[in-house]
Amino acid sequence: MLIPKKYQTITIASILVIVSLIILSISIQRPGDTGIFKRLVLEAASPPIGAVNSVLDTVRDVWKRYIFLVGLEQENRTLKARIAQLTNELNESRELHLEGLRLRELLAMKNTLPGAVIAARVVDRENAYVFKTILINKGTSDGLRVGLPVVSAEGVVGRIVDASWNVSRVLLLTDYNSNISARIQNGRAEGILQGGGAINCALKYVERSEEVKVGDTVVTSGLGGVFPGGLILGTVSRVDRKGSGLFLNIDVSPSVHFSRLEEVLAVLPDSEKSP
Amino acid sequence: MIFYLLLPLFSLLLVVLQTTVLSLFFFGKMGLEISLIMVIWAGFRMDALKGGVLAFILGFLLDCITGSVTGILTTYYVAVFFLSRAVSFKVYSERFFFIMAFAFLCAFSEGLFVAVIYRIFYGVDVLEGIYKIFLIQALALALFSPLLFVLFGRMEGMLNVRETA
């Protein structure tokens, strides 16, 4: 260079600072004037800025979409939880509604019974092949005792065979040990309804001369003093007149669906009032 | 010679990168002015002519692209370059703590310089509301400055910036 090395730095610095200050003073004096160099820079910078911003916009869009999807997933999870909660509430409401209907039927049943009744809820079922019992949530402290008949809105359920303070066991009329005095509602033929275990019961000791046909309603006769008379036990499902015995072979289908039983009434004798 | 040919393109890309990508780091609230670190680094490493031209071009490009009053950053960058060069003769400038402190001072002074120019020529007090941003920006830049020094050092050979004078 023409300038001595000793003064090179100061010379270059002076030139650059002076040029910068000139640019600055021109710019301050003419604020609205873009100037040729500035225009050139802007034109040159525009494509790379546009390209970078385009890439950034794409990245930003992808990110926003990702965030949106994350939010959507969260919302989906919340809504699913809400649906589960509402389904539970709906089920509870349905259960309450059905319970209300059943209780209404029980109440109607109660009004037809001669004595006082004690309502109880079925808390357990013993559904072995031979033993057919249910457990109810009322016991001696509620006024129940062994031997009391138990009915539902559909008909006779059975009788209490064990009574604790707060729970009682009811022998269903389908149990082999169950024997209930019964009568054909229309023909007035009398017999003993014995439990048949699995499904049907058998109406025994009905004389061959009696007019019994399939579909006849079987009710309690009231004899024996355990069950009041006139309570529905079931319907005749088969009558067998073959054979040489003295009595007919009659199958009876219980009117009560024991597997669906939830509420029952224990019937107190005429002389007693509910506690 | 290749340095002077590459310089405008390199400076333009650096400024574009700084005004687009790097502004995202702080959600567009403030930028990371790596061009200033480049000027300081040039002051420590490059000869007066190459570094001076680099500082001038970077400052001018930034003035044009950021929309500030043309000449403000040009003047400031040239001043910072020669100040850095003068300092590099007096102190050992390779220590990271010194680099950070010097970068912080330069970055914060830039805010003050811009505020003073606006105050004198336009009667506008820009420092009132944004001095905290200047401060945070200067601190952020100071923190990144050692890393940027290492990065620029790697690019030294590529740009052919070794002192030739």
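Author: Two strands pair if DSSP finds at least two bridges between them; strands (E, at least two residues) and helices (H or I, at least four) are DSSP runs, numbered from the N terminus. This is a predicted model, in which local features need pLDDT of at least 70 and side-chain atom pairs count only at pLDDT 80 or more, while totals for chains, interfaces and linings use all residues. Residues are numbered from 1 along each chain as written, chains are lettered from A and ligands numbered from 1 in the order written, and side-chain values use heavy atoms, without hydrogens or water.

In chain A, six antiparallel strands close into a barrel, in the order β6-β7-β8-β11-β10-β9. From one strand to the next, the twist averages 40° (axes are lines fitted to C-alpha atoms, with angles from 0 to 180 degrees between N-to-C directions). Within chain A, β7 (residues 190-194) runs antiparallel to β8 (residues 201-204), and three bridges join them. Here A:Gln194 stands opposite A:Ala202 of β8(A).

In chain B, the loop between α3 (48-66) and α4 (72-90) holds B:Thr70. B:Thr70 counts as buried because its relative accessibility is 9% (buried means under 20%, exposed over 50%, partly exposed in between, with a 1.4 Å probe and protein chains only). Beyond its neighbours within four places in sequence, B:Thr70 is in contact (heavy atoms within 4.5 Å) with A:Ile23, A:Leu24, A:Ser27, A:Lys38, B:Phe60 and B:Asp63.

B:Tyr122, by contrast, belongs to helix α5 (residues 96-122) of chain B and counts as partly exposed, since its relative accessibility is 33%.
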